[in-house]
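Please keep the sequence and structure in view while reading.

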Amino acid sequence: MVEFLNNWLLTILIFLPTAGAILVLFARDRDSVRWTALGTTIATFAASLLLFVTFKWDVGNGYGYLEGTGGVVQMVQRASWIKSFNIEYLVGIDGLSFPLVLLSTFICLLACIASWNIQKMTKGYMALFLFLETGILGTFLSLDFFLFYVFFELSLLPMYFLIGIWGGPRKEYAAIKFFLYTLVGSIGLLIVLIGTYLFTRNITGIADVAGGTFDLIKLARPDVQKALGTAGLVGGVAKTFFLLSMLAFLIKVPSVPLHTWLPDAHVEAPTPISMILAAILLKMGGYGIFRIAYPVFPQAAMSLWLLVGIIGVVSIIYGALCAMAQRDFKRLVAYSSVSHMGFVVLGAAMMTPAAVNGALFMMVSHGIISAMMFFVVGIIYDRAHHRELSRFGGLASTMPVYTGFSTVAFFANLGLPGLCGFIGEVMVLLGSFQAAKSDSLLMLGGPGRHTAIMTLAVVACFGVILTAGYMLWTIQRVYFGPQRPEYKSFPEVTQREILVLTPLTVMAILLGILPALFFFVFTDHTVKAWYGLLARLAQTYAGL
Amino acid sequence: MPLPALLLLISTLLPLAAFGVLLFAGRRLGNPLAGMVGTAFVAGSFACAIAAMIFWLSGGAGGPGQMAGAAEWGAGKGPIVMPIAWLPTGGGISQDHPGYLDVGLYVDSLTVAMFSMITLVALVVHLFSIGYMAHDRNFPRFFTYLSLFCFSMLGLVIGGTLLQIFVFWELVGLCSYLLIGFWHEKRSAANAATKAFVTNRIGDFGFLIGMGILFYHLGNVSLPHLHAMLHTAGLGGPVSLADGTKFAPGLLTIMGVGLFMGAMGKSAQFPLHTWLPDAMEGPTPVSALIHAATMVAAGVYLVGRIFPILTPDAKLFIAIIGCATLTIGALVALVQSDIKRVLAYSTISQLGYMMLALGLGSWVGGMFHLLTHAFFKALLFLGAGSVIVAAGHEQEMVRFGGLWRKIPVTAVTFLIAVLAIAGTPFFSGFYSKEMILRDAGAFSAYAAQSALNHGQSAGGYWLFFIVPTAVAYLTAFYMMRCWMLTFWGKPRDQKLYAHARESAVMYVPLVLLAVLSIIGGKFLGIEDLLNWSMRESSQYCTQLLAKDSGAAAGGEMKFAGFATAWPAHLPNEESLGEDEPVVRERTASQRAQIEGHHLVLQFAFWAFAVGMGLAGAVYWKGYAVAEMLLRIPPARWIRNWLYRGMYFDELYQVVWVDGIILGLAAICRGFDRRVIDGAVNGTAAVTRGFSGLAGWIDRWVVDGMVNGAGELAHGFGAAMRSAQSGRIRLYVMVLMAAVALGLAGAVLMALSG
């Protein structure tokens, strides 16, 4: 049984939602559509829980980032797909993808429950929804660059329709904007994909990459990296490739100044789609940075750290300031996503163990918090049919339970210790200071970087003030103040809504109090290997 | 686990349990059962703290966190240190868990003393609240928050690393936020809550930077390790670290000032003091517990904990801020008319005293005042609460007067607290304030003398004695004024006076605190505990040092943290004059201590009598004399300026909030809309224009050449149209089936092949 799971579980995970989507298409009435979809997301979530049985976080040698450090890629399933280009169907899981896979199945399940009140064309909605889940899981699980790209793009299509059809008044604009923005990034990624492959074809002397490879783990191997360098993937070319791939991922994250699709997409998207968009789709960008951009183009990453760092810090501050100026509740939450995902980018740029761990944690914690935030906004939109902050007030008296859940979400978002938002934030910030220490990877580039690193770290710290400012101001405007007559009749949160909010709240607290037990146990070995690999590659290139 | 640590842990967790119970069952328990449940848990907490104190005093040996051969803990022997790995952060030197950032317990005499004080005041406040909040419809919610606060505050005090202190630091901030905004329907309460939290966050910004700098150099923020590694920071030079790097004095100072910024927010130090008067929007028991006795003192506590690693410059900065704060607080308190605002500014002023003491190196003085102040200030607030209830929720002293006849217990206990805070001999406040002033005098004398010896002007140093001494007179004056206006003279509002009544539920807490306010100075042994605490820390750090580097260095390294107590750039003691044979045996700092003592006797001893006597004379007949004085225009101007809190609020609002932050936010929003989105939409428009042009060319010039693209666009449009008309199902089906089957088929084929 374990043997079978080891071989097939990931593939099953990826295509289970697709199977469910096909079933949904044959369902007769709305109820059976819903229950089929819910059953599928539950089954997928359950399947992902089986990973706990098979996933070993401490494996010695094998297929992974750095030999001998543990944290290797497991449950690998590999088959030749397009033979002439050495394209493989290659899936596997390690500490980088494990938390994100669980996050995805978890959030999809909750978003499915949140979709219960979708009235318009339920069948199409649910089918696309499940299909989207396949795209997401495929992205996180594929280790072949080409396969990654296919899934990365596949997740785009359903999202486009889900926003474009089930969205709000300006849905067409939002959907097309989302689509075109992401497409621009994708084109960059396609160039990188093909270009890198062409360089690998020129490698000689390494048997298992003969004839080129799309294998993302192999591409990062020190000997392959060295050979790639000799083959010409250095200097300007490497930097261009790095920047093009970062373009794709930073649009997805999204980072300033590539972020303006996000507020529009969120404002128009229906609540559950917003949850998925913020909680999971943005993470595909962050994941891409850690899986592709940094390990495959380490030299470029290390020389362009300042650019990435500045983008991260600007996103943190600029996103927070924009959030403060919003009048629409959902737009505010969207900008707060931009601000928080800035920490992920900053963590990548700083390349210290604490910052990288923090960035990976931030992705999961933001996944939970943002899903909760958007659901909270959705609840009040369902009742008030508007989202103007200035028209709210006094909801704490009308809906105390709802306010309780909202407060948890808001305080988790502003990084209150004890809730998950704090861990990622504080680790990235402390890790940024760590980068200024003379033995850090960045400081290999010379002592002159000290001031720049310190400056970025201090400016990023300033974000905590702004975040507290706009979050609390929002609480004050929406929940506090005298009760308003027009909202007096609002019903309290329903059972279904509590069913969505409770697991998110529980996870926010568990991750906040016991981050090691619920997160770092799974990631730590891989992160160490990943970090060790980058340190090794830094030397490889120093010797080149 | 050593017994005191276990007991204190239980003591910490009991309020958390109460929080859990009240969160889920509070409504069902209702009024007053919810309050009683909360009180019972806190009583348990208090009992544990006292038991821990008893076991602590007798001491013991063994247990985790103790180093081999030195496994003794207890009063004057050594602390109990129990680190727990929390966050994986990679590298670092001298850690309990390599590669991890720790949280964990740290128990020494200060911890034990703080626990007893916090749980006792919390218990008293809980009891008082059952009466005070009796008619509030959110009674259970109040006790839920209060329990969470007790847990957070105890977690802060037991914290052995800066990280844990920061975690609970934020949690007490949350509780403060929730309780200030307890009556959230009131706009002013909601505003005050937000203001308190955001102002504290400004301080936390510094805290984070301070922690970041420490972490970057040491990879570690646990208190004993910091003390051991950086104990020579007080000498003012660079500190050599175990890994061969040097911690520059400038960076050390920034670190110290950064951490102090956190303390400035929490302890309402100038210029971050403006949130505390507004925090009085919360229910009065909350003001007593959180905004007088415990949470606002957390900043002082933090500075006390990091004291050994502060550089002279950082200490000087702390002393200057403390000095400014105690002055501003007292001046503003002179003219307030709201009884709670008087107390709030008085708290600010007293916290300033504590900070000044720490800045000047009087560690015991600062912590001592923290503990005695907790009792009499809690008493003052609860007394004010009793007055407010009696007066039908009126807080303006303008409408009080003569209330002692109606509420005698409150009047007497309040007077005891006034005597204590004014520094009347034999009351608790006398001892701690005397110690601060004595050390301030000693510092000034010492610093001035050494400055003179070096041919520099010494005038500036004397301010550290003159200012707090002068403010001691003001303190006695404004507190007595508050008592006179409330309890003495003729009733100024007959209706209010007629209805005033004392509630029996509130007697017990008041009397209990009054007793503590009297005996807290001499008879509770607080001073001894504090002296032991210093010794414990020193001994533990000396052991740590011996373990880390002593063997390699070939000699025993001595912990120098508390010994390098004097701030500023003072020369060694030897260089001071040796001309006087009589006092030659004494060291310079001992001589300074003696001089400080003389100075206090000469200038400050009678401050209580002068201040209170003057206030008694001026306010004997209510506002009459004061109003006469206000006829003079400059007096009126000054009074108005002080009454509005020196216009700090207005200044911050205009410059920071409206001007800089909201201005920047608006600019960013505009930039986002106009520039970034403008560029995006512009690109789209240009592209569309081009494609239109291309289409025109296509149609009229090279007809049919790009038909493929046209068809694609057309198809796209059709799909979108059909989306509106319901044919989407078909479309989705086709799309899904195509992609899914294609992909799955390919995979399966590949796998089988």
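How many residues of chain B are in contact with chain A? In this predicted model, 53 residues of chain B are in contact with 65 residues of chain A.

## The chain B side of the interface

The elements of chain B that each give two or more residues to the side touching chain A are β3 (80-88), α4 (162-180), α5 (187-218), α24 (648-700) and α26 (728-752). Of these, α5(B) gives the most, with 16 residues.

By class, this side of chain B has 37 nonpolar, seven polar and nine charged residues.

## Helices α7 and α11 of chain B

Two packed helices are described by the angle between their axes and the distance between the axes. For helix α7 (residues 249-266) and helix α11 (residues 312-333) of chain B, the axes come within 8 Å and cross at roughly 30°. Because of that angle, α7(B) is roughly parallel to α11(B). The crossing of α7(B) past α11(B) is right-handed.

On the α7(B) side, the residues that meet α11(B) are B:T253, B:G256, B:V257, B:F260 and B:M264. Their counterparts in α11(B) are B:D313, B:A314, B:F317, B:I318 and B:I321. This contact has seven nonpolar, two polar and one charged residues.

## Helix α9 of chain B

Is helix α9 (residues 284-293) of chain B largely enclosed or exposed? Ten of its ten residues are buried, so α9(B) is largely enclosed by the rest of the structure. Among the buried residues are B:P285, B:L289 and B:H291.

The buried residues of α9(B) pack against α2 (109-132), α3 (139-158), α4, α8 (275-278), α12 (339-359) and α13 (363-390) of chain B.

Note on methods
Residues are numbered from 1 along each chain as its sequence is written. Chains are lettered from A and ligands numbered from 1 in the order in which they are written. This is a predicted model: local features need pLDDT of at least 70, side-chain atom pairs count only at pLDDT 80 or more; totals for chains, interfaces and linings use all residues. Two residues are in contact if their C-beta atoms, placed from the backbone, lie within 7 Å. Helices (H or I, at least four residues) and strands (E, at least two) are DSSP runs, numbered from the N terminus. Ala, Val, Leu, Ile, Met, Phe, Trp, Tyr, Cys and Pro count as nonpolar, Asp, Glu, Lys and Arg as charged, and the others, Gly among them, as polar. Axes are lines fitted to C-alpha atoms, for helices over the stretch in contact, and angles run from 0 to 180 degrees between N-to-C directions. Angles under 35 degrees count as roughly parallel, over 145 as roughly antiparallel, 65 to 115 as roughly perpendicular and the rest as oblique. A crossing is left-handed if the near helix is turned anticlockwise from the far one by less than a right angle, and right-handed if clockwise. A residue is buried if 20 or more other C-beta atoms lie within 10 Å of its own, exposed if 12 or fewer, and partly exposed in between; C-beta atoms are placed from the backbone.
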